[in-house]
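Here are my notes from a first pass through this one.

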Amino acid sequence: RYERIGLMNAFPNEYLNIPQSEEKKLFKSQYFKKFRCVLYAPHFEKKSFANALESSEITVLTPTGIELMDGSIIPYNELYITTTMDLASKSGKDKTVILTRGVCSMGRKFILDISAGHWNPFERAVEAMRVYLQFRPVVFGIEKASMQNDFFYTIDVAQKEFGVTIPVDELRHGNIDKNIRIAQLQPSYVAGLIYHNESDPNTVQLEAQLGAFNMDIQGVDDIIDTAAYQEQYTVGRSFDEWEEDEYDDNSRYG
């Protein structure tokens, strides 16, 4: 119930008797900056995918830019787009999360889209395909430890049917504890570089998980863990380097 209403911090703070004052929180609510929405072209595509047992139709929109809270617009082609995907564990307690982020030339990091659900391999593949076709990220990172064969077989079939190749990048945790990786998001939040999408319904869950984050416990962290992997694509890099990488990728794959 707390997760559903966006108050995940209430459970560890009250029921597990792990109080956490606002002053000592790593991710304070005043760090959360927002942009208004992703803008899309009026036209869209419908695409269908099926296997022997299941079928699904997806709607693919075409993003044209993002609107900031002051009404100004950043064109979509001026953003460097990356996607990370964290597959749910076999226990089924957490969700599979796909998070897409765009970075502008000023280094601001806009969380464009968050998809999360308890999906089977077919549903995961369909959602991954929708996200890729809609946002066209330069890289699509998936944690190597979670790269389950059933999911990758299904998504391989989907790629062949749609005639696209998702540029999958194997994410590696490098033996760094999950909570440490999540904590490494904090400097970007303190600097005011990360912006949440006010129009995305999953932003409530993102902010709830950040607000409840405690270095000493393992809490609900599927969205923020997926967000933490995004830092691999931005830390220590310049926008000029990203543009060069994108050019190299395009020339390599034609």
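**Notes on the model**

1. Let me start with a single side chain. Leaving aside residues up to four places away in sequence, Arg 181 touches His 173, Ile 176, Asp 225, Ala 228 and Tyr 229. Bear in mind throughout that this is a predicted model. Arg 181 belongs to helix H4, which covers residues 178-183. With Asp 225 there is a polar contact, side chain to side chain, at 2.7 Å. The C-alpha atoms of Arg 181 and Ala 228 are 6.1 Å apart, although 47 residues separate the two in sequence.

2. Is Arg 181 buried or exposed? Its relative accessible area is 10%, and the cut-off for buried is under 20%, so Arg 181 counts as buried. I'd look at this arginine together with its partner Asp 225, given the side-chain polar contact between them.

3. Now the other side of that contact. Asp 225 is one of the buried residues of H7, a helix spanning residues 222-230. How many of the residues in H7 are buried? The count is 9 of 9.

4. Strand E6 (residues 96-103) is another covered element, with 8 of its 8 residues buried. Thr 96, Ile 98, Thr 100 and Gly 102 point to one side, while Val 97, Leu 99, Arg 101 and Val 103 point to the other, and both sets are buried. Note that Arg 101 is among them.

5. What does E6 pair with? On one hand there is strand E5 (residues 80-86), antiparallel, with 7 bridges; in that pairing, Met 85 has Ile 98 as its bridge partner. On the other hand there is strand E7 (residues 109-117), again antiparallel, with 8 bridges. Val 103 sits opposite Lys 109 there. The E6-E7 hairpin has 5 residues between its strands, and Gly 107 takes a positive phi near 85°.

6. A separate paragraph for the open sheet. Three strands run in the order E2-E3-E4 with antiparallel pairing. E2 (37-50) and E4 (73-75) are the edge strands, each pairing on one side only. On average, neighbouring strands in this sheet are turned by 40° against each other, direction ignored. E2 and E3 (residues 55-67) share 11 bridges, and Phe 44 stands opposite Leu 61 of E3. Helix H2 (residues 121-135) lies across E2 and E3, at about 30° to E3.

7. On cysteines: how many disulfides does the structure hold? The number is 0. Cys 37 has 16% relative accessibility and so counts as buried. Cys 104 is at 4% and therefore counts as buried as well.

8. Finally, the overall picture. The protein has 8 helices and 10 strands, and 49% of its 254 residues are buried. If we take contacts between residues at least 6 apart in sequence, 68% of them join residues at least 24 apart.

Conventions:
Residues are numbered from 1 along each chain as its sequence is written. This is a predicted model: local features need pLDDT of at least 70, side-chain atom pairs count only at pLDDT 80 or more; totals for chains, interfaces and linings use all residues. Side-chain values use heavy atoms; hydrogens and water are left out. Helices (H or I, at least four residues) and strands (E, at least two) are DSSP runs, numbered from the N terminus. Buried means under 20% relative accessible area, exposed over 50%, partly exposed in between (1.4 Å probe, protein chains only). Contact means heavy atoms within 4.5 Å. Two strands pair if DSSP finds at least two bridges between them. Axes are lines fitted to C-alpha atoms, for helices over the stretch in contact, and angles run from 0 to 180 degrees between N-to-C directions. A disulfide is a pair of cysteine sulfur atoms within 2.5 Å. A polar contact is a pair of N or O atoms within 3.5 Å; within protein, one must be able to donate a hydrogen and the other to accept it, and residues adjacent in sequence count only if both atoms are side-chain atoms.
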